[in-house]
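Morning, everyone. Please have a look at the structure on the screen before I start.

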Amino acid sequence: MVNKRYFSIGEVSKLKDVTIKALRYYHDIGLLTPAYINPENGYRYYTINQFFYLDIIKICRQGNVSISEIKDLFTNSDTNYLKFYLEQKNEEIQMEIKKLIQVSKQIEILKKAIHTSEDDLMNKGFNMQTFEERYLFSSPTQGGVLDEMHSFDKLDEELERFIMNTFQYGLIYSRHNDIWAISDAFRIITADDSIMLKDNPSVSKLPKGDYLTVNCTRDTEIETFQLIKEYLVKKSLSCDKIYLFYLVTDVFNQNNHFSQFQISLKPTP
């Protein structure tokens with residue numbers, strides 16, 4: 001140890017932010033052997049040249065590279081292969097970053113959907129609300145829980161390759177010969193997805209504007225729908241479709257969830 005600068009295992013631990021336990025483990029498995037081991041007390045010592053190996057190990061571990069893979073890299077001792085391997089790993093990390101960015105966006109969308117639903121629940125009775133332009137992807141349904149579930153499953157299947165879930169979905173009531181019935185299940189899709197699906201007949205647009213809204217629970221849905229019909233007659237208003245949005249609130253209470261009817265109105269001729 002006369003002509004070389006050696007660093008104790010404790011010094012290396014502090015300088016390179018690696019635990020002593022990890023350094024001992026790397027030694028035990030033959031991944032990073034100390035440059036010198038005192039034969040009298042077994043103390044481990046490292047040279048500054050070995051710091052670079054520790055940097056490689058740390059980078060690989062941060063990239064979720066297994067210890068066995070790192071050992072293979074060190075055993076091969078091939079710089080060109082190391083460069084190739086690190087490039088591949090970097091591509092994987094970049095793909096993972098993109099996925100995490102999308103997950104982050106989905107979290108923000110879900111948070112916004114919950115907050116918006118909570119704000120909507122503050123409204124009592126009939127209200128007028130202004131909405132921006134929205135896009136629906138719909139699937140015919142006959143009504144009834146099982147058929148509605150089947151329709152939503154079909155929607156999910158068709159929208160599977162699209163990234164953004166808006167967490168906005170519901171049912172469409174349509175009027176034919178003055179008879180109202182559930183006709184479609186729908187999910188709101190993003191403007192970007194609507195462009196990709198522009199030629200799909202299942203895509204329709206809810207125009208920007210004022211909508212009559214009223215909240216209900218599952219238990220009061222039929223009663224509330226009857227009140228809407230009476231309101232339209234009383235106010236001499238008409239429409240051909242009524243949209244029932246399931247609100248994203250009280251998420252863990254699925255027995256009696258909240259919903260909101262939305263109606264784009266026009267005066268009765």
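First, the ground rules. This is a predicted model, where local features need pLDDT of at least 70, side-chain atom pairs count only at pLDDT 80 or more, and totals for chains, interfaces and linings use all residues. Residues are numbered from 1 along each chain as its sequence is written, and side-chain values use heavy atoms, with hydrogens and water left out.

Now the sheet. Helices (H or I, at least four residues) and strands (E, at least two) are DSSP runs, numbered from the N terminus. Two strands pair if DSSP finds at least two bridges between them. In general, the strands of a sheet pair through backbone hydrogen bonds, either parallel or antiparallel.

Here we have an open sheet of 8 strands with antiparallel pairing. The order is β4-β9-β12-β11-β6-β7-β5-β8. Which strands stand at the edges? They are β4 (127–131) and β8 (203–206). Each has a single partner strand, so one side of each is left without a neighbour in the sheet. The twist averages 40 degrees from one strand to the next. Angles run from 0 to 180 degrees between N-to-C directions, and axes are lines fitted to C-alpha atoms, for helices over the stretch in contact.

Look at β7, residues 179–189. Buried means under 20% relative accessible area, with a 1.4 Å probe and protein chains only. In β7, 8 of the 11 residues are buried, so the strand is largely enclosed by the rest of the structure.

Who pairs with β7? On β6 (residues 169–176), the pairing is antiparallel over 8 bridges. On β5 (residues 134–140), it is antiparallel over 6 bridges. A185 of β7 is the bridge partner of L171 and also of S139. The hairpin of β6 and β7 has 2 residues between the strands, and N177 there takes a positive phi near 55 degrees.

β5 also pairs with β8, antiparallel over 4 bridges. There, L136 stands opposite S204 in β8.

Next, helix α6, residues 145–158. α6 lies across β5, β6, β7 and β11 (241–246), at about 30 degrees to β7.

Last, helix α3. Residues 50–62 make up its 13 residues. From first C-alpha to last, α3 reaches 19 Å, close to the 18 Å expected. That expectation is 1.5 Å times one less than the number of residues. Which residues of α3 are buried? They are Q50, F51, L54, I56, I57 and C60. After α3 comes N64, with a positive phi near 65 degrees.

How values were computed
Buried means under 20% relative accessible area, exposed over 50%, partly exposed in between (1.4 Å probe, protein chains only). Contact means heavy atoms within 4.5 Å.
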